[in-house]
Amino acid sequence: MLLANISLIEEFINTVWLQNGLAQNTLSAYRSDLVQFAKWLKVPLSAAGEVEISNYLVHLYSQPIRPKPSSQRRLISVLRRFYGWLFEGHRIQKNPMLTMELPSLGVRLPKVLAMAQVEALLEAPDTSTALGLRDRALLEVLYATGFRVSELVGLTLTQLNLDMGVVRTIGKGNKERLVPLGEISSDWLVRYLAESRPVLLKGRSSDGLFITGHQKKDNNDARMTRQMAWLLIKKYGELVGIPRDRISPHVLRHAFATHLLNCGADLRIVQLLLGHADISTTQIYTHVARERLKELHAKHHPRG
């Protein structure tokens with residue numbers, strides 16, 4: 001039965017990929033969620049109804065270590081898509097997700113940095129060295145664009161247009177968007193490309209924008225990896241007193257969006273810059289901005 005379930009899951013994953021072009025990380029998460037559900041079930045996936053799905057959710061939420069809210073939302077999302085797919089393909093007669101009362105997961109506000117913290121982080125690298133200059137340019141681009149870390153390390157030289165001050169990226173769903181770099185970020189990129197990148201390449205060739213300073217054992221690819229970008233950002237965060245659990249590439253993405261809204265940017269513009277397909281995803285940052293205003297009011301108003 002498990003093999004049949006896994007075969008069905010793979011068919012669903014392939015269909016979603018063909019229809020929506022989702023990122024491999026998203027597809028892997030969908031696959032993992034469905035496989036775990038299939039292992040828990042005592043019936044085939046196509047035979048599971050509201051009772052089985054409800055019992056599984058109760059089982060998950062009653063664990064000593066509950067799934068993160070984001071993981072819970074993703075699970076519910078993939079179950080909706082999966083059973084909708086089965087129903088549309090006439091493999092089940094009723095979609096059990098249509099009438100289910102799902103648990104309220106609440107609003108989980110993203111971690112965000114104050115502007116002063118971001119300024120300190122950006123100034124942390126030692127720009128008198130080739131590596132420090134690269135890291136300063138990387139941090140400036142990340143904060144200026146709000147890119148996901150995969151978008152950042154995947155940048156190539158051909159995606160840059162420094163004359164126009166924009167960068168082209170391919171986001172989730174294989175969707176392309178143009179994002180402004182801003183003058184400061186562009187200036188640091190010009191310095192990095194002229195002074196640091198040639199030194200770090202050491203005669204190697206690479207079309208990647210951000211590169212490592214050493215050759216990898218298994219190939220000659222000079223591009224920076226996602227893992228290396230994470231480690232660099234956490235390292236500089238620690239240098240300026242930001243705890244490791246409060247800093248990551250995605251926290252800078254949150255800071256980018258929240259600071260734009262705090263400074264009066266339109267929500268639709270922020271949605272386009274972030275590459276969100278649905279504005280409801282972007283609206284979480286309005287909650288963060290309101291929470292920040294409440295904190296400032298409580299701290300500085302005489303009757304706060």
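**Whole chain.** Start with everything shown. This is a predicted model. The protein chain carries 13 helices and three strands. Of its 304 residues, 43% count as buried. Now consider contacts between residues at least 6 apart in sequence: 57% of them join residues at least 24 apart.

**Helices α6 and α10.** Select residues 130–145 for α6 and 249–262 for α10. At what angle do these two helices pack? The angle is about 45°, and the axes are 7 Å apart. Angles of 65 to 115 degrees count as roughly perpendicular and those under 35 as roughly parallel, so α6 and α10 are oblique to each other. Show side chains at the contact. From α6 come Leu139, Leu142, Tyr143, Ala144 and Thr145. From α10 come Pro249, Leu252, Ala255, Phe256 and His259. Sorted by type, the residues of this contact are eight nonpolar, two polar and no charged.

**Helix α9.** Select residues 226–239. These 14 residues reach 20 Å from the first C-alpha to the last, close to the 20 Å expected at 1.5 Å a residue. Next, highlight Ala229, Leu232, Ile233, Lys234, Tyr236 and Gly237, which are buried in α9. What do the buried residues of α9 pack against? Their partners are α5 (115–122), α6, α7 (149–153) and α10. Step just past the end of α9 to Gly241, where phi is positive, at about 85°.

**Arg253.** Go back to α10 and pick Arg253, which lies in that helix. An unreviewed UniProt entry lists Arg253 under "active site", together with Arg148, Lys172, His250, His276 and Tyr285. Is Arg253 buried or exposed? Its relative accessible area is 2%, so Arg253 is buried. Leave aside neighbours within four places in sequence, and Arg253 is in contact with Gly146, Phe147, Arg148, Arg177, Leu274 and His276. Two of these contacts, Arg148 and His276, are also on the UniProt list.

**Two loop residues.** Select His90, in the loop between α4 (69–88) and α5. His90 is not a glycine, yet has a positive phi of about 60°. With 74% relative accessibility, His90 counts as exposed. Finish at Lys202, in the loop between α8 (183–201) and α9. Lys202 also has a positive phi, near 55°, in a residue other than glycine. The relative accessible area of Lys202 is 60%, so this residue is exposed.

Methods
Residues numbered from 1 in each chain as written. Predicted model: local features only at pLDDT ≥ 70, side-chain atom pairs only at ≥ 80, totals over all residues. Heavy atoms only, no water. Axes fitted to C-alpha atoms, helices over the stretch in contact; angles between N-to-C directions. Helix = DSSP H or I, 4+ residues; strand = E, 2+ residues; numbered from the N terminus. Parallel < 35°, antiparallel > 145°, perpendicular 65-115°, else oblique. Contact = heavy atoms within 4.5 Å. Nonpolar A, V, L, I, M, F, W, Y, C, P; charged D, E, K, R; others polar. Expected span 1.5 Å × (residues − 1). Buried < 20%, exposed > 50% of the residue type's maximum accessible area, 1.4 Å probe, protein only. UniProt positions renumbered as here; feature names shortened; annotations may be inferred.
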